[in-house]
Amino acid sequence: MDTFTQSPNFLISPKYPWASVNGASLHRVILDECFGLSSDQDHRLETLSDPELDWDLFLHLVSTSGLARSMGDLIKDPHVRKLAPASFPGVLKEQAGGEGMKLALCRHVLRLIQEAMTELGIEGVLLKGAALTVRAWDLGEPVPAKTPGDIDFLVSEHDAIALRDALLKLGFS
């Protein structure tokens, strides 16, 4: 279990040593990139130029948080091309492609769940990230920056058992 300490801007984990160097700054760059926010280019360049920045850990953070798909424009940035290791663009593209596949799988799984619920006459509420993703699909908007990692929905206690059994028959575990 990580022990966290509080800095003025950020919770710092010893698991991510770069966090103590410029973690808040790096998170700002990541969030700006993912959400298409205009960022202070001097601040961004300063953060990405930091010799203490561990690009492998940066990639790990982005890929394990489900944000690689949203960071495609980062590899086009001339400063990133100059500062990042040569492998960075390829690894980020690979991670983004994996998240794209995960998003397609999410859509397929949601359809299977919807079909099972319809067949059983069950009503429920889709929650959290998957709900935001479906809303974006329905409205023709860009899907959220973070790829959903799971699907959360709420059904009545009585319906939950029947739905669980139906999903198990479909191969869910």
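Reader: What pattern does the protein follow, read along the sequence?
Author: The pattern is β-β-α-α-α-α-α-β-α-β-α. This is a predicted model.

Reader: How many helices and strands is that?
Author: The secondary structure comes to 7 helices and 4 strands.

Reader: And how much of the protein counts as buried?
Author: Of its 173 residues, 35% count as buried.

Reader: Which elements give two or more residues to its lining?
Author: Those elements are α5 (88-120), β3 and α6 (128-139).

Reader: Which of them gives the largest share?
Author: Helix α5 does, with 7 residues of the lining.

Reader: How many residues line the pocket, and which lie nearest its centre?
Author: The lining has 17 residues. Nearest the centre of the pocket lie Leu 110, Ile 113, Gln 114, Leu 126 and Val 134.

Reader: What does the lining look like by class?
Author: It has 10 nonpolar residues, 3 polar ones and 4 charged ones.

Reader: Different topic. How many salt bridges does a search of the whole structure find?
Author: The search finds 3 salt bridges. As background, side chains of opposite charge can pair when their charged atoms come close.

Reader: Which residue does Asp 152 meet in a salt bridge?
Author: Asp 152 meets Lys 128, at 3.4 Å from N to O. Asp 152 lies in strand β4 (residues 152-154) and Lys 128 in helix α6, so this pair ties together parts that are 24 residues apart in sequence.

Reader: Is that Lys 128 buried or exposed?
Author: Lys 128 counts as exposed, because its relative accessibility is 58% and the exposed class begins over 50%.

Reader: Fine. Which residue does Glu 141 form a salt bridge with?
Author: Glu 141 pairs with Arg 135, and the closest N and O atoms are 3.5 Å apart.

Reader: What do those two count as, Glu 141 and Arg 135?
Author: Glu 141 is partly exposed at 38% relative accessibility. Arg 135 is partly exposed as well, with a relative accessible area of 48%.

Reader: Last topic, the surface. Which residues make the nonpolar patch?
Author: Val 125, Leu 127 and Leu 154 make a nonpolar surface patch of about 250 Å².

Reader: Where is Val 125 found?
Author: Val 125 is in strand β3, which covers residues 125-127. Strand β3 is also one of the elements that give two or more residues to the lining of the largest pocket.

Reader: And what does Val 125 count as?
Author: Val 125 counts as partly exposed, with 45% relative accessibility.

Key
Residues are numbered from 1 along each chain as its sequence is written. This is a predicted model: local features need pLDDT of at least 70, side-chain atom pairs count only at pLDDT 80 or more; totals for chains, interfaces and linings use all residues. Side-chain values use heavy atoms; hydrogens and water are left out. Patches are made of residues with over 30% relative accessible area and no salt bridge: like charges are joined within 9 Å, nonpolar side chains (Val, Leu, Ile, Met, Phe, Trp, Tyr) within 5 Å. Accessible areas come from the Shrake-Rupley method with a 1.4 Å probe; for residues, only the protein chains shown count as cover. A salt bridge is a side-chain nitrogen of Lys or Arg within 4 Å of a carboxyl oxygen of Asp or Glu. Buried means under 20% relative accessible area, exposed over 50%, partly exposed in between (1.4 Å probe, protein chains only). On a 1 Å grid over the protein atoms alone, a cavity is a set of points where a 1.4 Å probe fits but cannot get out, and a pocket is an open set with protein on both sides within 12 Å along at least five of seven lines; lining residues have an atom within 4 Å of a point. Ala, Val, Leu, Ile, Met, Phe, Trp, Tyr, Cys and Pro count as nonpolar, Asp, Glu, Lys and Arg as charged, and the others, Gly among them, as polar.
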